[in-house]
Amino acid sequence: CSPYTVHYAYDTVALAKGTGAAVIGRGDKSWYFLTADYAFGQALEADATKVVKEKGGTVLGSVKAPLNTSDFSSFLLQAQNSKAQVLALANAGGDTINSIKAAKEFGITKSMKMVGLLVFVTDVHSLGLKNTEGLLLTTSWDWNLDDKTRAFGKRFFEKTKRMPTHTQAADYSATMTYLKAVDAAKTDDADKVMAELKKMKLNDFFGTGQIRPDGRYVHDMYLMQVKSPAESKTPWDYYKLVKKLPGDTVFT
(Lines give C-alpha, C1' and ligand atoms only; values in the text may rest on other atoms or scores of the structure.)
Protein backbone atom coordinates (compact mmCIF):
# COMPACT_ATOMS: atom_id res chain seq x y z
CA CYS A 1 0.00 0.00 0.00
CA SER A 2 2.81 2.40 0.88
CA PRO A 3 6.58 2.23 1.36
CA TYR A 4 5.95 3.45 4.92
CA THR A 5 3.51 0.82 6.15
CA VAL A 6 3.84 -2.71 7.51
CA HIS A 7 1.00 -5.25 7.28
CA TYR A 8 1.53 -6.92 10.61
CA ALA A 9 -1.09 -9.33 12.01
CA TYR A 10 -3.08 -11.09 9.26
CA ASP A 11 -4.82 -10.65 5.93
CA THR A 12 -7.86 -12.26 4.32
CA VAL A 13 -5.71 -14.66 2.28
CA ALA A 14 -3.97 -16.04 5.38
CA LEU A 15 -7.28 -16.45 7.22
CA ALA A 16 -8.86 -18.21 4.25
CA LYS A 17 -5.92 -20.52 3.58
CA GLY A 18 -5.71 -21.64 7.18
CA THR A 19 -9.35 -22.42 7.83
CA GLY A 20 -10.41 -23.37 4.29
CA ALA A 21 -7.70 -25.95 3.69
CA ALA A 22 -8.21 -27.54 7.10
CA VAL A 23 -11.97 -27.94 6.76
CA ILE A 24 -11.70 -29.34 3.22
CA GLY A 25 -9.05 -31.74 4.51
CA ARG A 26 -11.55 -33.06 7.05
CA GLY A 27 -13.96 -34.00 4.29
CA ASP A 28 -16.41 -31.08 4.42
CA LYS A 29 -16.29 -29.99 0.80
CA SER A 30 -19.57 -28.18 0.08
CA TRP A 31 -19.69 -24.60 1.35
CA TYR A 32 -22.17 -21.76 1.70
CA PHE A 33 -21.10 -18.25 2.70
CA LEU A 34 -22.85 -15.77 4.96
CA THR A 35 -20.95 -12.61 4.05
CA ALA A 36 -20.84 -9.08 5.43
CA ASP A 37 -21.79 -6.83 2.52
CA TYR A 38 -18.76 -4.55 2.34
CA ALA A 39 -15.22 -4.75 0.99
CA PHE A 40 -13.74 -6.80 3.85
CA GLY A 41 -16.46 -9.46 3.81
CA GLN A 42 -16.40 -9.71 0.03
CA ALA A 43 -12.60 -10.10 0.01
CA LEU A 44 -12.77 -12.78 2.70
CA GLU A 45 -15.40 -14.72 0.75
CA ALA A 46 -13.44 -14.41 -2.51
CA ASP A 47 -10.18 -15.61 -0.93
CA ALA A 48 -11.87 -18.50 0.86
CA THR A 49 -13.76 -19.50 -2.30
CA LYS A 50 -10.46 -19.71 -4.17
CA VAL A 51 -8.99 -21.99 -1.49
CA VAL A 52 -12.09 -24.21 -1.39
CA LYS A 53 -12.09 -24.72 -5.16
CA GLU A 54 -8.31 -25.28 -5.32
CA LYS A 55 -8.68 -28.03 -2.69
CA GLY A 56 -11.46 -29.77 -4.61
CA GLY A 57 -14.44 -28.33 -2.78
CA THR A 58 -17.55 -26.60 -4.11
CA VAL A 59 -19.37 -23.40 -3.18
CA LEU A 60 -23.14 -23.87 -3.35
CA GLY A 61 -23.92 -20.20 -2.89
CA SER A 62 -23.65 -17.15 -0.69
CA VAL A 63 -25.84 -14.48 0.81
CA LYS A 64 -24.79 -10.91 1.60
CA ALA A 65 -25.97 -9.37 4.88
CA PRO A 66 -25.72 -5.61 5.52
CA LEU A 67 -23.20 -4.47 8.14
CA ASN A 68 -24.64 -4.49 11.68
CA THR A 69 -27.58 -6.73 10.77
CA SER A 70 -29.71 -7.52 13.82
CA ASP A 71 -31.89 -10.30 12.35
CA PHE A 72 -30.08 -13.08 10.47
CA SER A 73 -33.05 -15.45 10.22
CA SER A 74 -33.77 -15.01 6.50
CA PHE A 75 -30.08 -15.28 5.59
CA LEU A 76 -29.64 -18.42 7.67
CA LEU A 77 -32.73 -20.03 6.13
CA GLN A 78 -31.17 -19.58 2.69
CA ALA A 79 -27.94 -21.15 3.94
CA GLN A 80 -29.80 -24.12 5.43
CA ASN A 81 -31.79 -24.70 2.23
CA SER A 82 -28.54 -24.97 0.27
CA LYS A 83 -27.82 -28.34 1.95
CA ALA A 84 -24.13 -27.40 2.14
CA GLN A 85 -21.95 -29.11 4.71
CA VAL A 86 -20.24 -25.90 5.82
CA LEU A 87 -21.63 -22.50 6.79
CA ALA A 88 -18.71 -20.08 6.43
CA LEU A 89 -19.02 -16.74 8.19
CA ALA A 90 -17.24 -14.07 6.17
CA ASN A 91 -17.89 -11.33 8.70
CA ALA A 92 -16.50 -9.95 11.94
CA GLY A 93 -17.30 -8.43 15.31
CA GLY A 94 -20.96 -7.94 16.14
CA ASP A 95 -22.05 -9.58 12.89
CA THR A 96 -20.13 -12.74 13.79
CA ILE A 97 -21.58 -12.78 17.30
CA ASN A 98 -25.17 -12.25 16.12
CA SER A 99 -24.95 -14.76 13.26
CA ILE A 100 -23.49 -17.50 15.48
CA LYS A 101 -26.11 -16.85 18.15
CA ALA A 102 -28.92 -17.02 15.59
CA ALA A 103 -27.49 -20.15 13.92
CA LYS A 104 -27.47 -21.90 17.29
CA GLU A 105 -31.03 -20.78 18.08
CA PHE A 106 -32.35 -22.00 14.71
CA GLY A 107 -30.54 -25.34 14.96
CA ILE A 108 -28.38 -24.65 11.90
CA THR A 109 -25.36 -26.19 13.62
CA LYS A 110 -27.11 -29.57 13.75
CA SER A 111 -26.92 -29.92 9.97
CA MET A 112 -24.02 -27.62 8.99
CA LYS A 113 -20.49 -27.22 10.32
CA MET A 114 -19.93 -23.57 11.20
CA VAL A 115 -16.62 -21.95 10.32
CA GLY A 116 -15.54 -18.47 11.41
CA LEU A 117 -13.19 -16.77 8.96
CA LEU A 118 -12.35 -13.95 11.41
CA VAL A 119 -13.09 -14.63 15.07
CA PHE A 120 -11.78 -12.87 18.17
CA VAL A 121 -11.41 -14.45 21.60
CA THR A 122 -13.71 -11.73 22.91
CA ASP A 123 -16.42 -12.97 20.50
CA VAL A 124 -16.17 -16.44 22.02
CA HIS A 125 -16.25 -14.93 25.51
CA SER A 126 -19.39 -12.96 24.66
CA LEU A 127 -21.18 -15.97 23.20
CA GLY A 128 -19.99 -18.60 25.66
CA LEU A 129 -18.58 -22.05 24.94
CA LYS A 130 -22.01 -23.70 24.69
CA ASN A 131 -22.74 -21.58 21.62
CA THR A 132 -19.29 -21.81 20.03
CA GLU A 133 -17.78 -25.21 20.89
CA GLY A 134 -16.28 -26.93 17.87
CA LEU A 135 -15.97 -23.73 15.84
CA LEU A 136 -12.87 -23.76 13.62
CA LEU A 137 -10.93 -20.54 13.06
CA THR A 138 -7.54 -19.20 12.10
CA THR A 139 -5.77 -16.63 14.27
CA SER A 140 -2.42 -14.89 14.30
CA TRP A 141 -1.99 -15.33 18.06
CA ASP A 142 -3.57 -16.57 21.28
CA TRP A 143 -2.77 -15.69 24.86
CA ASN A 144 -2.50 -19.36 25.87
CA LEU A 145 0.06 -20.62 23.32
CA ASP A 146 3.18 -20.62 25.49
CA ASP A 147 4.83 -18.98 28.51
CA LYS A 148 5.56 -15.71 26.66
CA THR A 149 2.01 -15.31 25.39
CA ARG A 150 0.58 -16.15 28.80
CA ALA A 151 2.82 -13.56 30.47
CA PHE A 152 1.57 -10.85 28.11
CA GLY A 153 -2.01 -12.03 28.56
CA LYS A 154 -1.68 -11.81 32.34
CA ARG A 155 -0.29 -8.26 32.16
CA PHE A 156 -3.10 -7.21 29.82
CA PHE A 157 -5.73 -8.84 32.02
CA GLU A 158 -4.44 -7.04 35.10
CA LYS A 159 -5.08 -3.72 33.34
CA THR A 160 -8.33 -4.49 31.51
CA LYS A 161 -9.91 -7.51 33.24
CA ARG A 162 -10.11 -9.40 29.95
CA MET A 163 -7.67 -11.27 27.75
CA PRO A 164 -6.23 -9.58 24.64
CA THR A 165 -7.36 -10.37 21.12
CA HIS A 166 -4.77 -11.26 18.50
CA THR A 167 -5.03 -7.77 17.00
CA GLN A 168 -4.40 -6.13 20.37
CA ALA A 169 -1.33 -8.31 20.85
CA ALA A 170 -0.17 -7.41 17.33
CA ASP A 171 -0.67 -3.68 17.98
CA TYR A 172 1.51 -3.82 21.10
CA SER A 173 4.14 -5.90 19.34
CA ALA A 174 4.18 -3.59 16.30
CA THR A 175 4.58 -0.52 18.49
CA MET A 176 7.51 -2.02 20.38
CA THR A 177 9.08 -3.25 17.13
CA TYR A 178 8.85 0.26 15.65
CA LEU A 179 10.45 1.78 18.74
CA LYS A 180 13.28 -0.76 18.60
CA ALA A 181 13.87 0.17 14.97
CA VAL A 182 13.97 3.89 15.86
CA ASP A 183 16.47 3.12 18.60
CA ALA A 184 18.63 1.05 16.22
CA ALA A 185 18.48 3.69 13.49
CA LYS A 186 19.20 6.52 15.99
CA THR A 187 16.53 8.59 14.22
CA ASP A 188 12.81 8.67 13.48
CA ASP A 189 13.42 9.42 9.81
CA ALA A 190 10.87 7.24 8.02
CA ASP A 191 13.16 5.91 5.30
CA LYS A 192 15.88 4.93 7.75
CA VAL A 193 13.44 3.37 10.20
CA MET A 194 11.77 1.31 7.45
CA ALA A 195 15.15 0.10 6.27
CA GLU A 196 15.96 -0.97 9.83
CA LEU A 197 12.60 -2.74 10.22
CA LYS A 198 13.23 -4.80 7.10
CA LYS A 199 16.67 -5.86 8.36
CA MET A 200 15.45 -6.95 11.79
CA LYS A 201 14.76 -10.54 12.79
CA LEU A 202 11.53 -10.24 14.76
CA ASN A 203 11.11 -12.47 17.79
CA ASP A 204 8.80 -11.57 20.66
CA PHE A 205 5.66 -12.80 22.45
CA PHE A 206 3.58 -12.23 19.29
CA GLY A 207 5.65 -14.11 16.78
CA THR A 208 8.88 -14.82 14.97
CA GLY A 209 9.67 -13.82 11.41
CA GLN A 210 10.75 -10.96 9.17
CA ILE A 211 9.21 -8.04 7.33
CA ARG A 212 9.46 -8.55 3.58
CA PRO A 213 10.55 -5.77 1.18
CA ASP A 214 6.86 -5.24 0.31
CA GLY A 215 6.01 -4.53 3.97
CA ARG A 216 4.36 -7.84 4.83
CA TYR A 217 5.36 -9.31 8.20
CA VAL A 218 5.52 -13.07 7.57
CA HIS A 219 4.94 -15.11 10.72
CA ASP A 220 3.16 -18.31 11.70
CA MET A 221 -0.63 -18.46 11.98
CA TYR A 222 -2.67 -20.96 14.02
CA LEU A 223 -5.67 -23.12 13.23
CA MET A 224 -7.76 -23.35 16.38
CA GLN A 225 -10.91 -25.09 17.50
CA VAL A 226 -13.11 -23.72 20.26
CA LYS A 227 -13.17 -26.02 23.28
CA SER A 228 -16.22 -27.56 24.86
CA PRO A 229 -17.16 -26.35 28.37
CA ALA A 230 -15.73 -29.60 29.76
CA GLU A 231 -12.37 -29.04 28.03
CA SER A 232 -11.92 -25.48 29.31
CA LYS A 233 -9.91 -25.54 32.54
CA THR A 234 -9.58 -21.83 33.41
CA PRO A 235 -11.36 -18.55 32.56
CA TRP A 236 -10.62 -17.50 28.93
CA ASP A 237 -9.24 -20.98 28.14
CA TYR A 238 -11.21 -21.24 24.91
CA TYR A 239 -8.97 -22.56 22.13
CA LYS A 240 -7.19 -25.80 21.41
CA LEU A 241 -4.44 -25.77 18.81
CA VAL A 242 -5.24 -27.91 15.79
CA LYS A 243 -2.26 -26.97 13.64
CA LYS A 244 0.52 -24.41 13.39
CA LEU A 245 0.52 -22.84 9.92
CA PRO A 246 3.98 -21.74 8.71
CA GLY A 247 3.96 -18.14 7.53
CA ASP A 248 5.42 -18.91 4.13
CA THR A 249 2.47 -21.23 3.38
CA VAL A 250 -0.35 -18.80 4.27
CA PHE A 251 0.93 -15.36 3.27
CA THR A 252 1.19 -14.63 -0.45
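How many cavities of 30 Å³ or more does the structure hold? The structure holds one, where a cavity is a set of points, on a 1 Å grid over the protein atoms alone, at which a 1.4 Å probe fits but cannot get out. Before selecting anything, note that this is a predicted model, in which local features need pLDDT of at least 70 and side-chain atom pairs count only at pLDDT 80 or more, while totals for chains, interfaces and linings use all residues. Residues are numbered from 1 along each chain as its sequence is written, and side-chain values use heavy atoms, with hydrogens and water left out.

**Stop 1: the cavity**

Select Val121, Thr139, Trp141, Asp142, Pro164, Thr165, His166 and Tyr239, which line the largest cavity; lining residues have an atom within 4 Å of a point. About 40 Å³ of space lies in this cavity, a volume being the space filled by probe spheres set on the points. The lining divides into four nonpolar residues, three polar and one charged.

**Stop 2: phenylalanine 120**

Now select phenylalanine 120, in the loop between strand S4 (113–116) and helix H5 (121–127); helices (H or I, at least four residues) and strands (E, at least two) are DSSP runs, numbered from the N terminus. Phenylalanine 120 counts as buried because its relative accessibility is 14%, and buried means under 20% relative accessible area with a 1.4 Å probe, protein chains only. Leaving aside neighbours within four places in sequence, phenylalanine 120 is in contact with Tyr10, Thr165, His166, Thr167 and Tyr239, contact meaning heavy atoms within 4.5 Å.

**Stop 3: helix H3**

Move to helix H3 (residues 73–81) and colour Phe75, Leu76 and Ala79, which are buried. Seen down the axis of H3, these buried residues fall within an arc of 95 degrees, so they line one face of the helix; the arc is that of the directions from the helix axis to the C-beta atoms. Among what covers them are strand S1 (30–36), strand S2 (58–65), strand S3 (86–90) and helix H4 (94–105). Just after H3, select lysine 83, which takes a positive phi of about 65 degrees.

**Stop 4: a sheet of three strands**

Finally, show the open sheet whose three strands run in the order S6-S7-S8 with antiparallel pairing; two strands pair if DSSP finds at least two bridges between them. Strand S6 (202–203) and strand S8 (217–218) are the edge strands, each pairing on one side only. Strand S7 (residues 208–211) pairs with S8 over two bridges, and isoleucine 211 has tyrosine 217 in S8 as its bridge partner.

Key:
Buried means under 20% relative accessible area, exposed over 50%, partly exposed in between (1.4 Å probe, protein chains only). On a 1 Å grid over the protein atoms alone, a cavity is a set of points where a 1.4 Å probe fits but cannot get out, and a pocket is an open set with protein on both sides within 12 Å along at least five of seven lines; lining residues have an atom within 4 Å of a point. Ala, Val, Leu, Ile, Met, Phe, Trp, Tyr, Cys and Pro count as nonpolar, Asp, Glu, Lys and Arg as charged, and the others, Gly among them, as polar.
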